Amino acid sequence: MSIYVESPGVLGRMLHACTTEQISEFVPQKRGFRIHGHSTTIRLETAFWHVLDDMGRELGMDMPVLIETIHDQCLVANDKNLASCLRVICLKYTETVPQHDP
């Protein structure tokens, strides 16, 4: 069942991803990491964790190293919110990955 009214084109395809069967992608998950020896907890929706997993595999990095690398580079622009940096990095990453139509 779709949560939203069907729309044509690109918007329709995006909204089609918003189904009750895929609701778990919207659920936030907390994960703990050590960044330069300091413990931190990051809360992101499951969909973003999946993108970070894919990114880590492609780059040959485990999640803690990937998070620390993004932390060190991204917080230059946004010194307060690592979760926001991670969401933007995920968006930028998905823009570079070729999309395949079903």
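Begin by selecting M63, L66, I67, I70 and C74, which are the buried residues of α3; buried here means under 20% relative accessible area, exposed means over 50%, and partly exposed lies in between, with a 1.4 Å probe and protein chains only. The model is a predicted one, in which local features need pLDDT of at least 70 and side-chain atom pairs count only at pLDDT 80 or more, whereas totals for chains, interfaces and linings use all residues. Residues are numbered from 1 along each chain as its sequence is written, and side-chain values use heavy atoms, with hydrogens and water left out.

Now turn the view to look down the axis of α3: its buried residues fall within an arc of 95°, so they line one face of the helix, the arc being that of the directions from the helix axis to the C-beta atoms. Select the whole of α3, residues 63-74, and you have 12 residues that reach 16 Å from the first C-alpha to the last, close to the 16 Å expected at 1.5 Å a residue, where the expected span is 1.5 Å times one less than the number of residues. Helices (H or I, at least four residues) and strands (E, at least two) are DSSP runs, numbered from the N terminus.

How many salt bridges does a search of the whole structure find? The search finds two, each defined as a side-chain nitrogen of Lys or Arg within 4 Å of a carboxyl oxygen of Asp or Glu.

For one of them, select E45 and R87, whose side chains meet at 3.3 Å, N to O. This pair links distant parts of the chain, with E45 in strand β2 (residues 38-45) and R87 in helix α4 (residues 82-96), 42 residues apart. E45 is partly exposed at 23% relative accessibility, and R87 is partly exposed at 26%.

Next select R57 and D54, which form a salt bridge at 2.4 Å, N to O. Both lie in helix α2 (residues 46-59), and because they are three residues apart they are separated by about one helical turn. R57 is exposed, at 59%, while D54 is partly exposed, at 37%.

Finally, select C74 and C85: C74 is buried at 17% relative accessible area, and C85 is buried at 2%. The structure holds zero disulfides, a disulfide being a pair of cysteine sulfur atoms within 2.5 Å.
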